[in-house]
Amino acid sequence: MKRWLTLSSVCLAAISMVMAADLPAKRLVTAPMAQTQLSESPETPVREVTFNKKLREDIRPSATATKQNAVVPVKKLSKQAWTAPVQLSGRDLTALSKEKKQPIRRSAAALSSWGAEGNYDTSWFDNSQEEYILTTPEQLAGLSILTDQGYSFTNITIRLGADIDLSAHEWIPIGLYTPFAGTFDGCGHTISGMRVPLASYAGLFATISGGEIRNVAISSDCEVNGSVSGSLVGRAVSGTVENCVSEAAVSGQTVGGLIGDAGSTSVRACVFNGSVEAKELSPWYGTFSGTIADSVSVEGSQAVQMTIMPNGTDPNSVSISFIGRLGIEYNNILGTIDSDGNLHISTNQYIGYASNYYFFLYGVTMEYTLVDGIEFIGTLSDDGQSLTISSSSTTDIFFAILGSEDLVSLSIFELYPVPFSIQKQAVELRSGALAGNGGVGFSDCYYRDDCAAGATQING
């Protein structure tokens, strides 16, 4: 198929990568940061945790939580479960909670990335117009930066005024943290030289939601690799894609020639003439689960689940979600794969918001005091099938998730002694010539018969 083929309208949307289970889990959402200013630290901060055995019935997962958000059969908070208040007058939880508000740290971007200072141009955007025309790769990279800064481009049209060569640097997909919700019209121009070596959602666009992509050509020298990958869009929550053609090479765990995860989307008048390969990206990526000791529940043990995925485009950074006894998915935990080959998770980090609580990951001693300056360390077994979480502390500690309503005091919500080991679930590889997963309709779409050998989904 030739890139100059003229096609008509495509619409794709993506579904969550979470697996369903019997009981609901509550996903954390980004919340506005509290404006409360904490009092000045006294000379001796109060740091000891004292148990009062007060029942906390207000932190059950919501009854409206959907089954699709559940990933392990977790228990609701029972009447026997109780929490311990921690007074922390010497800690600035407000500052901790604000650390995750901007997930990309551009100053640390690799010089080979379009996200590095000097490689992108955002000067064309003043948020006063309904249409903008981009003619340089720097301007297109600026679109990626602007979505990371929170602009969704709803009711705004972005047009290409020239072919775009992205070969100078590694591409950072548009909408990696804020889904693109505008209209992107390639006007028949070609994107060439795009290289995405690794991303959580990989493609020209990472995520779209209500957006429209049309009249775009992706050349054969483009290579896209990620957990959820498509040459045009990694994850499409909702939107329209039409009159597009791609000859790119695309690989990932959920991978499609055009869109990785397509949910309830319809696709029209598109052509894929490249190659699709479904593969496991790293032994670290995937879901680990098991039953471990639990120092809060009456049963004394609890089924837990930890999912590890790439974080953005940094190959050494990972995003971690954890589900324990409460059925809450703490999905804003960050870690790194360091030079020693192990997973390192810093403590004292803000990990998300749910049910009117801000949640934090801490290390807590067996005497129920907080520990500073340590990290949790994950090691894989030789076969990659078992993950052991330990700590850098010289004393025995708990993997503790603490919550705060007022950003002044903390209560214990989850408490697990380390080390503990959990087992890897089988990695499900999904692939398709047009979309790797989902999609409700494909009309006037074409692809080469051998472009997606062993595809799990046929559409077009």
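Predicted model: local features only at pLDDT ≥ 70, side-chain atom pairs only at ≥ 80, totals over all residues.
Strand E16, residues 245–246, runs parallel to strand E20, residues 271–272, and two bridges join them.

Which strands make up the open sheet, and in what order? There are six, and the order is E7-E9-E13-E16-E20-E38, with parallel pairing. At the edges you find E7, residues 164–165, and E38, residues 446–447, and each of those pairs on one side only. If you're new to this, strands of a sheet pair through backbone hydrogen bonds, and they can do that either parallel or antiparallel.

Let me give you the whole chain for a moment. How many helices and strands does the protein chain have? Two helices and 38 strands. The chain has 460 residues, and 57% of them are buried. The accessible surface is about 18600 Å², with 48% of that belonging to carbon and sulfur atoms. And here's one I like: take the contacts between residues at least 6 apart in sequence, and 74% of them join residues at least 24 apart.

You'll find Leu 160 in strand E6, residues 157–160. Is Leu 160 buried or exposed? Its relative accessibility is 3%, so Leu 160 counts as buried. Leave out the neighbours within four places in sequence, and Leu 160 still touches Ile 133, Leu 134, Phe 184, Asp 185, Gly 186, Cys 187, His 189 and Ile 191. Take Ile 191 from that list: Leu 160 and Ile 191 are 31 residues apart in sequence, but 9.8 Å apart in space, C-alpha to C-alpha.

Next, some antiparallel pairing. Strand E25, residues 328–337, and strand E26, residues 343–346, pair antiparallel over two bridges. Together E25 and E26 form a hairpin with five residues between them, and in the turn Gly 341 has a positive phi of about 80 degrees. Now look at His 344 in E26, which has Thr 336 standing opposite. E26 also pairs with strand E30, residues 375–380, antiparallel again, over four bridges. There, His 344 stands opposite Ile 377 in E30.

On to the aromatic rings. How many aromatic pairs are there? The count comes to 22. One of them is Tyr 350 with Tyr 358, a tilted pair, 6.2 Å centre to centre with 45 degrees between the planes. Both tyrosines are tucked away: Tyr 350 is buried at 4% relative accessible area, and Tyr 358 counts as buried at 7%.

There's also a cluster linked by ring pairs, made of Trp 124, Phe 125, Tyr 132, Tyr 151, Phe 153, Phe 180, Phe 184 and Phe 205.

Phe 153 has a positive phi of about 65 degrees, although it is not a glycine. Where is Phe 153? In the loop between helix H2, residues 137–148, and E6. Phe 153 is also buried, with a relative accessible area of 4%. Asn 215 is another non-glycine with a positive phi, about 55 degrees, and it lies in the loop between strand E12, residues 205–214, and strand E13, residues 217–218.

While we're on the backbone, there's a cis peptide bond from Val 418 to Pro 419, with omega near 5 degrees. Pro 419 lies in the loop between strand E33, residues 409–417, and strand E34, residues 420–424.

Last stop, the cysteines. A disulfide is a covalent bond between the sulfur atoms of two cysteines.

Conventions:
Residues numbered from 1 in each chain as written. Heavy atoms only, no water. Buried < 20%, exposed > 50% of the residue type's maximum accessible area, 1.4 Å probe, protein only. Contact = heavy atoms within 4.5 Å. Areas by Shrake-Rupley, 256 points an atom, 1.4 Å probe, with all protein chains shown as cover. Pairing = 2+ DSSP bridges. Phe/Tyr/Trp six-rings, centres within 6.5 Å; stacked < 30°, edge-to-face > 60°.
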